[in-house]
Amino acid sequence: MRTYHDHVDIDAWLWWLIGAAVLGIGLVITAMPELGMLAVGAVAAAVVSGIFGGGAVAQVVVFAVVSTALIAVVRPIAGRHRSQRPQLATGVDALKGRQATVLERVDGTGGRIKLAGEVWSARALDSGRAYEVGQEVDVVDIEGATAIIM
């Protein structure tokens with residue numbers, strides 16, 4: 001019968017899983033994706049220990065290699081995806097780049113266009129340029145309720 005002071009050995013694979021859980025909790029709390037990649041490395045080390053019976057050196061090497069590989073490969077891919085514009089533009093972003101028809105002469109001081117079925121106030125991007133009624137123009141930006149055209 002065991003007493004309170006008896007020593008209980010915990011297998012190495014269980015320590016790796018506990019570490020992975022702690023890293024996973026850290027990921028959720030801090031939103032640092034690197035912690036998730038370290039957690040995957042800890043799970044890989046647990047597999048090496050528990051299933052393949054690898055020693056301490058093999059476990060640490062697998063943890064280091066898997067974690068480093070994930071950080072080296074996944075971080076740049078995630079960074080590229082994060083920097084891309086969303087595929088579906090909404091609101092005024094959806095109007096940029098669209099064509100409109102001039103309803104009232106548009107110059108650097110103002111005018112009116114028909115954009116996406118609605119009448120908008122507009123002004124020319126180049127203040128020295130004027131667009132006449134019926135002319136097709138491109139919307140390059142929206143400032144407040146005014147379309148900037150060229």
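## Aromatic and charged side-chain pairs

Phe63 counts as partly exposed, at 22% relative accessibility (buried means under 20% relative accessible area, exposed over 50%, and partly exposed in between, with a 1.4 Å probe and protein chains only). The model is predicted, so local features need pLDDT of at least 70 and side-chain atom pairs count only at pLDDT 80 or more, while totals for chains, interfaces and linings use all residues. Residues are numbered from 1 along each chain as its sequence is written, and side-chain values use heavy atoms, leaving out hydrogens and water.

Rings of Phe, Tyr and Trp (its six-membered ring) pair if their centres lie within 6.5 Å; planes under 30 degrees apart count as stacked, over 60 as edge-to-face and the rest as tilted. The count comes to 1 aromatic pair. Trp16 and Phe63 form this tilted pair, with 5.3 Å from centre to centre and 35 degrees between the planes. The pair links distant parts of the chain, 47 residues apart: Trp16 lies in helix 1 (residues 12-30) and Phe63 in helix 3 (residues 56-83). Helices (H or I, at least four residues) and strands (E, at least two) are DSSP runs, numbered from the N terminus. Trp16 is buried, at 18% relative accessible area.

The structure holds 6 salt bridges, each a side-chain nitrogen of Lys or Arg within 4 Å of a carboxyl oxygen of Asp or Glu. The table gives examples.

| Salt bridge | N to O distance |
|---|---|
| Asp93 and Lys96 | 3.4 Å |
| Arg105 and Asp107 | 3.2 Å |
| Arg105 and Glu132 | 3.0 Å |

Arg105 and Glu132 lie 27 residues apart, in the loop between strands 1 (99-104) and 2 (112-115) and the loop between strands 3 (118-124) and 4 (136-143), respectively. Glu132 is partly exposed, at 39% relative accessible area. Shared partners join Asp93, Lys96 and Asp141 into one salt-bridge network.
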